[in-house]
Amino acid sequence: MKVGTAQAGDPTGPDAYGYYAFDNTDTAAEAPVYDWVELAGLGTNTGISDNGGGDDETRNFDLPFTFTYYGQNFDRVSICSNGWLSLGRDTYQRHYRNWMLPSDGSPGGMIAAFWDDLANGTVYTWHDTANHRFIVQWDAFGASSNSNHDLFSGNCTFEILLYDPAYHSTDSGDGIIEIQYQAVTIYGDETTYFTVGIENSARDDGLTYAYGNNYAGGAATIQPGRAIRLVPIVPQAQGTLAGEVRNASGGGGAIPGAIVTVLGNGRTIASGQDGLYAGGVPVGTWDVAVYHPSCAPDTAYGVVIYEGQTTEVDFALVDIGGPDILGATQLPDTQDTAGPYTVEATITDLTGVDEYHLVYTSSTAGGPFVLPLSLVDAPTGLVRGQIPGQTDGSRVQYWLTASDVLGNQSAAPLGAPWPAYSFMVASVTAVADDDCETPGGWTVDPLGTDTATSGIWENGDPIGTFETLPVQPEDDHTPAPGVNCWFTGQHVAGQGS
């Protein structure tokens, strides 16, 4: 039963699941603080493009952690140029026509930050490992400024932040979602206004914050500097599960990043740098498992959680994995025969690293040759080694090996010496070099015998086509600012293959 009307300072919602939207004008403890994270120059350019006129694009990506949304776990995300993302099974839907949420015509599992017909911007992603969150930024998009959707202007720059539930707990175990707006341009009538909101995978539950320039009760106007936090609040009797995860193999040191899972309800809690963990868990009797990639897993059975009380469960894990070898240099092909060729990596282990080596073979010099690695920075485990110069025409394969004080071994790349990293030492003679930005000296049908009526070779900026899945790419291969290439037949924007 709803009593009264939500006012400024109140949250928006809830939906049937329990999601509320708190903005940075609300007074509740859950209200966010606007804190823009700029991804241009920091994040990864997704390559998503949208030049307007039906030229929309959606691409699919792995999430860096499991994200819980409406009680379901997801490890994939589809990101659309039109201001939304979808969690779950890959979708190539490219909807620009926005609706209220939930909506049968939308991709399931949608999070809409500024769902509208957008164009001419860049989409970045970044895994913020220090703060355990995944960020998607729509940068400098123009909004559709007329009902024909053929004119785009203004600046819409905004981002969605997904927080790792293992490090940022909620009452329900779902992940926290935040949306931030650095710049906003709003045009026109209902056909060009945007949608902000969420919906579940079944598209039968959701929360609309704004649609058609109308705002739900308690919602604040979308404008630069606005932040919205979406989080479920589920009334239920809860207690706290806490403890520490230690290393049983080497002096009892702390194990950071261990994942403690409450089996049966999906709650996950990660241990911090000090090995300690704590989080809310519903009242009941549960089996609790702990996992770390370097250790044998462990499970505590029949753990009882009492309302308002803390239940402590400690774990001591056995180190069974070799050292972590991360960030190994992958050398490019080179014309340099003098060398040396420098390889770096960070090598760490919970119990302690005993030794490490750089191993290489050469198609001209033979091998394998085992080289020492020197420690460059002890706190981070940065090591460095050098492969000597090789003769012209050499194919060099190399890998790294390490073992800890317990005798556990590891290699990089995984499974080395096969596969291995490799590079060529070879002089290069340019026979032809053409970025195809202009027709140049190329001739189409020089013999005049081509009788094709469509699909003729032509030079230009390709328009991507879809038949559920991409058929013709939207972009040429060469990096910006070049856009032209040769292709067989141009299509009209929005036309299928």
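How many positive and how many negative side chains does the protein have, and how far apart do the centres of the two sets lie? In this predicted model, 14 side chains are positive and 60 are negative, and the centres of the two sets are 5 Å apart. The accessible surface amounts to about 23300 Å², with 51% of that area belonging to carbon and sulfur atoms.

Along the principal axes, the C-alpha atoms occupy a box of roughly 80 × 75 × 35 Å. Of the 497 residues in the protein, 45% are buried. Among contacts with a separation of 6 or more, 64% are made by residues 24 or more positions apart. The secondary structure consists of 36 strands and zero helices.

Strands of a sheet pair through backbone hydrogen bonds, in either a parallel or an antiparallel sense. Leu-85 lies opposite Ile-111 of strand 6.

A further antiparallel pair is formed by strand 33 (residues 457–460) and strand 36, with four bridges between them. In this pair, Glu-458 is placed opposite Phe-487 of strand 36. Phe-487 belongs, with Cys-485, to the covered face of strand 36 (residues 485–488), whereas Trp-486 and Thr-488 make up the uncovered face.

Key. Residues are numbered from 1 along each chain as its sequence is written. This is a predicted model: local features need pLDDT of at least 70, side-chain atom pairs count only at pLDDT 80 or more; totals for chains, interfaces and linings use all residues. Side-chain values use heavy atoms; hydrogens and water are left out. Buried means under 20% relative accessible area, exposed over 50%, partly exposed in between (1.4 Å probe, protein chains only). Helices (H or I, at least four residues) and strands (E, at least two) are DSSP runs, numbered from the N terminus. Two strands pair if DSSP finds at least two bridges between them. Contact means heavy atoms within 4.5 Å. Accessible areas come from the Shrake-Rupley method with a 1.4 Å probe; for residues, only the protein chains shown count as cover. Lys and Arg count as positive and Asp and Glu as negative; His and the chain ends are not counted. The place of a charge is taken as NZ of Lys, CZ of Arg, CG of Asp or CD of Glu.
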